[in-house]
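This report describes selected features of one protein chain, section by section. The structure under discussion is shown below.

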Amino acid sequence: MATVTEEAVQPDASLASPERVAAFKADLVAFLGEKLYSPEQPWDIAVFEGYGRGLVATRDIAVNELIFLDRPILVGPRVNNYDVIFCASCCRIQKRLTLCSGGCRLPICADCDRSAAPETPHTAECTVITSWQPKDQKRYCKTILYALTSIRAMLLNDLESRIVFNMEGHAPRKDMITEIDRLLKDQIFANLPEGSANLTFLRRIVNVLNTNAFETFRIVQDEENNDHEIILRGLYILGALMNHHCLANVRYVFDENQVMWCHASRPIRKGEQIFNNYSKVLWGTQHRIIHLWFSKHFLCECERCRDVTELGTYLGALKCVRERCPNGRLVSLNPLKIASAWQCDKCGLQMGNLKVTKIQEIAGRMVLNNAIKRDEAGILEYLNDHVSRFLLPCNQFTVELKLQAIRKIQGEACLEHLVEKERFCREILTILEQLKYGECFVKGVLAYELFKVRMTIAQRRDEQGCFPDEPALDNLRTAWTILQHSGNRPRDLDQLAQCYGCNV
Ligand SMILES: [Zn+2]
Ligand SMILES: [Zn+2]
Ligand SMILES: [Zn+2]
Ligand SMILES: [Zn+2]
């Protein structure tokens with residue numbers, strides 16, 4: 001069990017000193033072990049001006065080359081409205097809620113229950129939780145489930161906790177209540193008082209998690225053998241060491257064992273920094289900047305953020321509001337300043353930032369809260385009738401809706417919808433190309449969807465003789481290359497790749 005000391009919870013400014021970095025790397029390599037780490041891997045930890053620690057390429061790295069493998073040092077539930085009940089220990093789905101007999105107020109399956117064996121994977125965390133004396137022990141407590149990933153840090157060994165405490169943890173925003181403070185506010189425990197060493201430890205951990213954790217998942221089957229994806233959060237140290245750039249040079253997936261596979265999405269030269277994108281690829285600049293500011297506390301000034309056209313994609317641009325200016329695009333005069341005015345690139349009309357933000361908000365709400373929940377016909381109708389009137393076809397919300405349509409239009413759809421889907425796949429692939437985004441995860445998903453929809457269209461039109469042509473095989477190869485290690489890759493991908501010889 002990790003030693004809880006006052007020293008461990010003090011934030012440290014010397015994380016980037018050469019001695020600390022060397023010791024930290026040695027610990028990390030020991031944690032990863034021979035199965036995940038080998039000295040041939042082309043990364044090292046370095047200190048970069050303006051960034052602090054980051055990962056550096058130790059030699060030229062080719063596109064699609066594996067850079068590193070990483071496993072979570074901590075993993076568990078997120079603060080998330082789960083729509084199924086699952087065992088807090090092994091994630092098995094529970095048809096009916098069964099609480100742990102140990103009194104920790106968590107849903108636990110029969111195999112993980114403390115009564116199942118002298119020592120189950122749940123025993124140690126249950127002992128920690130029950131030592132704080134949960135009140136109301138007969139009832140399920142979501143608040144404890146949400147705090148479980150932080151609580152698990154109490155069980156880290158010395159090596160692991162040394163690594164975790166070498167990670168930065170930003171204090172929460174003033175208006176945010178963390179899952180740890182929620183335990184206190186809701187008076188969940190009789191014996192976890194304010195000021196106790198345990199609580200100080202948990203607060204430090206929750207900050208490290210909120211600063212660094214990735215969304216990962218576990219696939220579990222219910223009694224009818226249906227797959228469910230349980231979304232979890234995982235602290236991946238190597239993953240978290242990558243700094244942000246809106247034009248990342250890596251992609252990553254998580255396999256069935258929650259191992260992170262990080263590959264180069266673009267060629268990386270020796271000495272260059274290895275960058276991840278903390279935001280969404282297909283978001284416009286204003287959205288990315290606001291998201292990065294509120295969730296990660298920094299402003300990005302990369303070349304994509306500086307370019308008002310976003311490398312010609314106009315993802316964030318708005319439709320000019322002048323009726324006689326049908327093709328005008330409003331873009332920010334200075335994208336790095338959130339408060340900057342916007343201007344039409346055709347007629348010169350200017351618009352204040354408050355108004356721009358209002359339009360973005362309304363568009364976002366209409367698309368993300370409303371339209372996205374419709375069925376495929378509903379989404380297509382919305383795209384063709386409504387969206388085209390107030391948003392540009394290249395706008396991020398239009399793109400988001402098209403992505404949703406791609407997901408929803410599947411094999412049984414009518415030919416007309418399938419043709420639309422093919423068009424959307426091609427459009428978004430073109431945007432990724434304009435961004436020079438390389439062999440990224442979204443490209444893999446779109447390449448798979450494009451292959452499938454073309455296959456279905458060929459069947460419907462009785463043109464199987466002409467399918468798959470070389471471009472289609474290329475799509476399948478791309479999908480396989482990018483998605484093969486992902487634990488939630490499409491179920492038929494392996495079979496398709498093998499059948500068409502694209503899995504080499
Ligand atoms: Zn279980
Ligand atoms: Zn328990
Ligand atoms: Zn940027
Ligand atoms: Zn205009």
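## Strand β11 and its partners

In this predicted model, strand β10 (residues 250–254) and β11 run antiparallel and are joined by five bridges. Within this pairing, V253 has W261 of β11 as its bridge partner. The hairpin formed by β10 and β11 has five residues between the strands, and Q258 in this hairpin adopts a positive phi near 65 degrees.

Strand β11 (residues 260–264) also pairs with strand β3 (residues 66–70), in the antiparallel sense and over four bridges. Here F68 stands opposite C262 of β11. Strand β11 is mostly covered, with four of its five residues buried.

Strand β14 (residues 329–332) runs antiparallel to strand β15 (residues 342–344), and three bridges join them. In this pair, L330 stands opposite C344 of β15.

## Helix α13

Helix α13 spans residues 415–434, a run of 20 residues. The distance from its first C-alpha to its last is 29 Å, close to the 28 Å expected at 1.5 Å a residue.

The buried residues of α13 are L418, E420, K421, F424, C425, I428 and I431. These residues cover an arc of only 155 degrees around the axis, which puts them on the same side of α13.

## Backbone features in loops

The loop between α13 and α14 contains K436. This residue has a positive phi of about 55 degrees although it is not a glycine. K436 counts as exposed because 10 other C-beta atoms lie within 10 Å, and the limit for an exposed residue is 12 or fewer.

N225 is likewise not a glycine, and its phi is positive, at about 65 degrees. N225 is placed in the loop between β7 (214–221) and β8 (227–235). With 6 C-beta neighbours inside 10 Å, N225 counts as exposed.

A cis peptide bond joins F467 and P468, with omega about -5 degrees. P468 lies in the loop between α14 and α15 (470–483).

## Domains 1 and 2

The domain assignment of the protein chain gives domain 1 as 18–73 + 236–273 and domain 2 as 76–234. The C-alpha centres of domain 1 and domain 2 lie 28 Å apart. Their contact takes 14 residues from domain 1 and 14 residues from domain 2.

On the side of domain 1 that touches domain 2, α1 (18–36) and α7 (237–241) each supply at least two residues. The largest share of that side, five residues, comes from α1. By class, the side of domain 1 that touches domain 2 has 10 nonpolar, two polar and two charged residues.

Methods:
Residues are numbered from 1 along each chain as its sequence is written. Chains are lettered from A and ligands numbered from 1 in the order in which they are written. This is a predicted model: local features need pLDDT of at least 70, side-chain atom pairs count only at pLDDT 80 or more; totals for chains, interfaces and linings use all residues. The expected span of a helix is 1.5 Å times one less than its number of residues. A residue is buried if 20 or more other C-beta atoms lie within 10 Å of its own, exposed if 12 or fewer, and partly exposed in between; C-beta atoms are placed from the backbone. The arc is that of the directions from the helix axis to the C-beta atoms. Two strands pair if DSSP finds at least two bridges between them. Domain bounds come from an automatic or database domain assignment. Two residues are in contact if their C-beta atoms, placed from the backbone, lie within 7 Å. Ala, Val, Leu, Ile, Met, Phe, Trp, Tyr, Cys and Pro count as nonpolar, Asp, Glu, Lys and Arg as charged, and the others, Gly among them, as polar.
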